[in-house]
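Open the structure in a viewer and keep the selection tool at hand. The stops below are meant to be taken in order.

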Amino acid sequence: MKKPFRIAVLASGGGTNLQSIIDQQQCGKLSVDVALVISNNPGAGALVRAQQAGINTLCINHRNYSTRHDFDQALINALQQADIDLVVLAGFMRIITPVMLKAFPQRIINIHPALLPAFPGLDVQQQAIDYGARFSGCTVHFVDAGVDTGPIIIQAVVPILPEDSAATLAERILEQEHRIYPQAIQWLAEGRVKIDDRKVIISDSTSCVKTLTNPTH
Ligand code: GRF
């Protein structure tokens with residue numbers, strides 16, 4: 001029998017992306033074993049969601065480690081012990097250091113609430129609004145040594161409306177995050193994802209060719 005594809009989700013906050021992964025897995029659309037959820041934040045809602053779903057959880061509080069390296073080493077030990085194939089960052093508010101990248105080469109992915117390479121970093125919904133962008137969206141990408149710079153796996157586009165606040169835009173973007181993150185993970189679990197230089201190739205995938213315009217008239 002084929003070994004299940006084991007993922008760990010790392011989250012610092014509420015965990016709605018984690019929830020979408022759990023839901024898709026439970027309804028049979030995502031063929032992975034969510035083997036472990038790790039948070040650096042003891043109060044993370046993500047830990048509660050995982051426990052409710054019967055998933056193993058671990059809190060590795062960065063405050064208990066004197067260096068980033070020691071914290072990362074604790075993460076690596078836990079991930080290796082759980083025999084994890086893919087590390088899924090879902091609102092994990094710690095920088096991933098080279099030691100972690102080396103331990104899981106091309107096996108760490110992240111979701112970012114903007115259309116990269118526009119608006120990397122934090123508070124990006126407000127930044128997109130303030131910039132006057134007509135569209136934003138979300139991006140699933142491999143993690144590399146930069147901040148939100150790794151090869152892009154999938155993106156979804158969301159319009160920015162004149163009345164949007166950061167909160168309403170974030171909500172519209174999150175809906176798409178919950179759709180594309182499980183999709184990207186499924187592609188990886190199926191072994192369909194290759195990186196060519198910095199381009200990601202998904203074998204046997206179809207592309208959307210629709211052109212979007214905002215405003216329309
Ligand atoms: C999401 O907007 C994600 O794109 C960003 O952090 C947020 C996490 O939200 N990296 P949640 O904890 O999954 O609800």
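Predicted model: local features only at pLDDT ≥ 70, side-chain atom pairs only at ≥ 80, totals over all residues.

Residues are numbered from 1 along each chain as its sequence is written, and side-chain values use heavy atoms, with hydrogens and water left out.

**Stop 1: the ligand**

Select the ligand and its surroundings, which include Gly 14, Gly 15, Thr 16, Asn 17, Gly 91, Ile 111, His 112, Pro 113, Leu 174 and Glu 177.

Now look for polar contacts, meaning pairs of N or O atoms within 3.5 Å. Start with Thr 16, where a side-chain N or O atom is 2.5 Å from an oxygen atom of the ligand. Gly 15 uses its backbone instead: one of its backbone N or O atoms lies 2.8 Å from a ligand oxygen. Finish with the side chain of Glu 177, which has an N or O atom 2.8 Å from an oxygen atom of the ligand.

**Stop 2: helix α6**

Select residues 166-189, which form helix α6. Helices (H or I, at least four residues) and strands (E, at least two) are DSSP runs, numbered from the N terminus. The expected span of a helix is 1.5 Å times one less than its number of residues.

Where does α6 have a kink? It is centred on Glu 177 and amounts to about 25 degrees, taken as the angle between axes fitted to the seven residues ending there and the seven starting there. Just after the helix, pick Gly 191, which has a positive phi of about 70 degrees.

**Stop 3: the pockets**

Pockets and cavities are found on a 1 Å grid over the protein atoms alone: a cavity is a set of points where a 1.4 Å probe fits but cannot get out, a pocket is an open set with protein on both sides within 12 Å along at least five of seven lines, and lining residues have an atom within 4 Å of a point. A volume is the space filled by probe spheres set on the points, which are joined across faces, edges and corners.

The largest pocket has a volume of about 820 Å³. Of its 32 lining residues, select Gly 91, Phe 92, Met 93, Asn 110 and Leu 122, the closest to its centre. Strand β5 gives the most to this lining, with three residues.

Move to the second largest pocket, of about 540 Å³. It has 18 lining residues, and Ile 154, Gln 155, Thr 206, Ser 207 and Cys 208 lie nearest its centre. Here β7 provides the largest share, five residues.

**Stop 4: the cavity**

The whole structure holds one cavity of 30 Å³ or more. To find the largest cavity, select Arg 68, Phe 71, Asp 72, Arg 94 and Ile 95, which line it.

**Stop 5**

Go to the loop between β5 and α5, where Pro 117 lies. The peptide bond from Leu 116 to Pro 117 is cis, with omega near 10 degrees. Phe 119 is in the loop between β5 and α5 and has a positive phi of about 60 degrees, although it is not a glycine.

End at Pro 215, in the segment after β9.

Definitions and conventions
Near = heavy atom within 4 Å. Polar contact = N/O pair within 3.5 Å; in protein donor to acceptor, adjacent residues only side chain to side chain.
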